[in-house]
Amino acid sequence: MTAVVLKDMALTRGTTPILRGVNLRVEPGEFCVFVGPSGCGKSTLLRLIAGLDEDASGELFIDGAAVNNTPAAKRNVAMVFQGYALYPHMTVEANMAFALRRAGMGKAEIAARLREAARALHLEEFLQRKPAMLSGGQRQRVAIARAIVKKPKVFLFDEPLSNLDASLRVETRIEIARLHRQLGSASMLYVTHDQVEAMTLADKIVLLQPLGQDPLAQSIVQVGRPMELYHQPANLFAARFIGTPAMNLFETRVLALDEPEGVAFELQGQRLHAAVDPAGLSVGEPVTVGIRPEHVLAYQGGLGATVTHIEALGELSVLFTQMEGVAGPLLAKTTREDLRVGDSLPVHLPSQALHLFRGDGRAQRRLRARTV
Amino acid sequence: MSRLLTYLLHGFLLGYALLTLTPFVWAVLSSMKSVQEIAVGGRILPLALDFGAYRQILQGDFGRWFFNSLSVALTVTISSVFSNTLAAYALARLRFRGGAALFQTLLIIIMVPSQVTMIPAYLVVARLGLADTHLALILTSLVSISAIFMMRQFFINFRAEVEEAAKLDGCSALTTFVRIVLPMALPALATQAIFIFMGVWNEFMKPLLYISSVDNYLLTQGLNAAAKQYEKSAAWNLIMAGSVVSVLPILLVYLGLNRFFLKLNDQTGGGK
């Protein structure tokens, strides 16, 4: 069984910090997704594990063995690249067999592995074609098949779907999820900036942030199951990054800590409550209150908002509204189709759906948040 | 308007092609005329297809000069493409101490006119006892800095992902270069080969400097010497036959490597 363990990994290029304080354990057979905005170092982290970037500090273990000084080819990992990285002068079959032949594997074993992978990825009829004769989706399947035949301990995926169109992306995503179930014991580490991919594929999400100028900032913001990150974001960065559209955030102050419905605060002249743990908070403390657009009730309540823009997505619409006396827009998801720009709405922000973040961005634990 | 532009452009290209081809066609037609026909003039086409001039030049030293040129050009092309490409790949991809300084030095050297280095190079060659040998021509043409520069740019723009995939597949830097990079660089290699072959084949100054015995002449030298000789007897058909035959290898090399050449131009033109 294979676990990937990273201890205190850090990387600086010139004077620019790329990664800092990366401590992580990926369990055997786990599907772990690195997600974060551009420049957060997620692809770099994957490349460090692959052995393609070797100048990082810290320790890296694969299957219990330190591999910091092990060449990429001996780490028993296989990588699927964003641009496929197929060898264009070789046929699909030669592409898939290349690493096995380099490793000196017998012809019969190579043929068996090729057959198995080609069947799993529906590539039997393309084996004698060259990559240029394949579509984007087929090329990506070849790239995945090339990884599978190596039977590695760890699969590394570097934004493998970003070059595909929307429908093919869904198809290939399902394919990858199916492969993960089939391949069982191998760990999969997957980099994406697309949170739908992260939410749908991951057993565990690792959310990373760009380090910027803060010398104390750590690369990893939060590690957890997808729904944990959704329901219980660790800080404002996680709250803003996970969820589409992003969470609504309002700056306010704490009015009271121990009311039955939770911590009290004021918005639009009304006393509202957030069902969060009041530990550490004090009355009068400036805080940021958040609520996801899908939890805003835009048909009842004591707050008022005016519709400024509507994005109709088909199954639902995203309402952009403005509450009088409140900075920033309030977004709400609704299935109502009768609303028009300029309409006034009653709005309710349920206490159980609210998040509360302190001045330094840390989230207060939610009391009745649903977690899966 | 756009149709008119197309016609104008095609007309211009056609005129340019005719202008370029006319001297060559003239040379081919003249090579098949007799000396008298050329002297009298007034006709474009020869009275009869007479290949006598070709037979005559092939009986003389022309064949030997042709072979000399061919062997020197092929040797230089193969060895120069090899060394330039290796150097370019190292400069583009391998991180080593002094790499940037080395590349800058090459850029400075490229700016030195060949006339400046001609005499020192000759003195070195002469002291090595290589004067009047083809080896002198080959050794002094083994490296082309402009070709290194061109190939380095090609390798810099080469998709690093493919090389990384090879690394993960167990290839060393050299194996990656030979098994993966070179086959993908064929268009660039072909372009380089065409330019180097043409350069050596058409080279006149260098052979003139290094080669002194008639037996070792390259074709350009030989044709020059023959032209002076035949000019006195106004044997323009022989001069033209020699010129036509001298163009053939370049034409063959270009036709053979044309598809790679076009492919590279297509790629650099914003294709895939």
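Analyst: The confidence score used below, pLDDT, is the predictor's confidence in each residue and runs from 0 to 100. The model is predicted, and for chain A the mean pLDDT is 90, with 98% of the residues of chain A reaching 70 or more. Within chain A, confidence is lowest in helix H5 (residues 166-183), where the mean is 84. Confidence in chain A is highest in strand S19 (residues 355-357), at 96.

The contact itself comes next. Chain A contributes 25 residues to the contact, and chain B contributes 17 residues. The size of an interface is often given as the accessible area lost when the parts come together. Between chain A and chain B the buried area is about 1,800 Å², and carbon and sulfur atoms give 57% of this area.

Polar and charged interactions are also present across the contact. Between chain A and chain B there are 9 residue pairs in polar contact, counted where both residues have pLDDT of 80 or more. The count of salt bridges between chain A and chain B is 2. One of these salt bridges joins the side chains of A:Arg47 and B:Glu164, with an N to O distance of 2.7 Å. On the side of chain A that touches chain B, helix H1 (42-50), strand S6 (77-80) and helix H2 (92-102) of chain A each supply at least two residues. Helix H2 of chain A gives the most to this side, with 3 residues. By residue class, the side of chain A that touches chain B divides into 15 nonpolar, 4 polar and 6 charged residues.

The fold of chain A provides the setting for this surface. Chain A contains 8 helices and 19 strands. Along the principal axes, the C-alpha atoms of chain A fill a box of roughly 75 × 45 × 35 Å. Of the 372 residues in chain A, 53% are buried. When contacts in chain A between residues at least 6 apart in sequence are considered, 67% of these contacts join residues at least 24 apart.

Several backbone features of chain A may be inspected alongside the contact. A:Asn76 lies in the loop between strand S5 (65-66) and strand S6 of chain A. Strand S6 of chain A is also one of the elements that supply at least two residues to the side touching chain B. Phi of A:Asn76 is near 60°, a positive value in a residue other than glycine. The relative accessible area of A:Asn76 is 33%, so A:Asn76 is classed as partly exposed.

A:Glu159 likewise has a positive phi in a residue other than glycine, with a value near 45°. A:Glu159 is located in the loop between strand S7 (154-158) and helix H5 of chain A; helix H5 is the element in which the confidence of chain A is lowest. A:Glu159 counts as buried because its relative accessibility is 10%, and the cut-off for that class is under 20%.

A cis peptide bond links A:Thr244 to A:Pro245, with omega near -10°. A:Pro245 belongs to the loop between helix H8 (236-241) and strand S11 (248-259) of chain A.

B:Ser31 is placed in helix H1 (residues 2-31) of chain B. With a relative accessibility of 1%, B:Ser31 is counted as buried. The side chain of B:Ser31 makes a polar contact with the side chain of B:Tyr54, at 2.7 Å. Leaving aside residues up to four places away in sequence, B:Ser31 touches B:Asp50, B:Ala53, B:Tyr54, B:Asn237, B:Met240 and B:Ala241.

B:Gln56 sits in helix H3 (residues 52-59) of chain B. B:Gln56 has a relative accessible area of 44% and is therefore partly exposed. Although B:Gln56 and B:Leu238 are 182 residues apart along the chain, their C-alpha atoms are separated by 7.6 Å.

B:Tyr254 is part of helix H14 (residues 236-268) of chain B. The relative accessibility of B:Tyr254 is 32%, so B:Tyr254 counts as partly exposed.

Notes
Residues numbered from 1 in each chain as written. Chains lettered and ligands numbered in written order. Heavy atoms only, no water. Contact = heavy atoms within 4.5 Å. Buried area = accessible area lost by both parts, 1.4 Å probe. Salt bridge = Lys/Arg side-chain N within 4 Å of Asp/Glu carboxyl O. Polar contact = N/O pair within 3.5 Å; in protein donor to acceptor, adjacent residues only side chain to side chain. Helix = DSSP H or I, 4+ residues; strand = E, 2+ residues; numbered from the N terminus. Nonpolar A, V, L, I, M, F, W, Y, C, P; charged D, E, K, R; others polar. Buried < 20%, exposed > 50% of the residue type's maximum accessible area, 1.4 Å probe, protein only.
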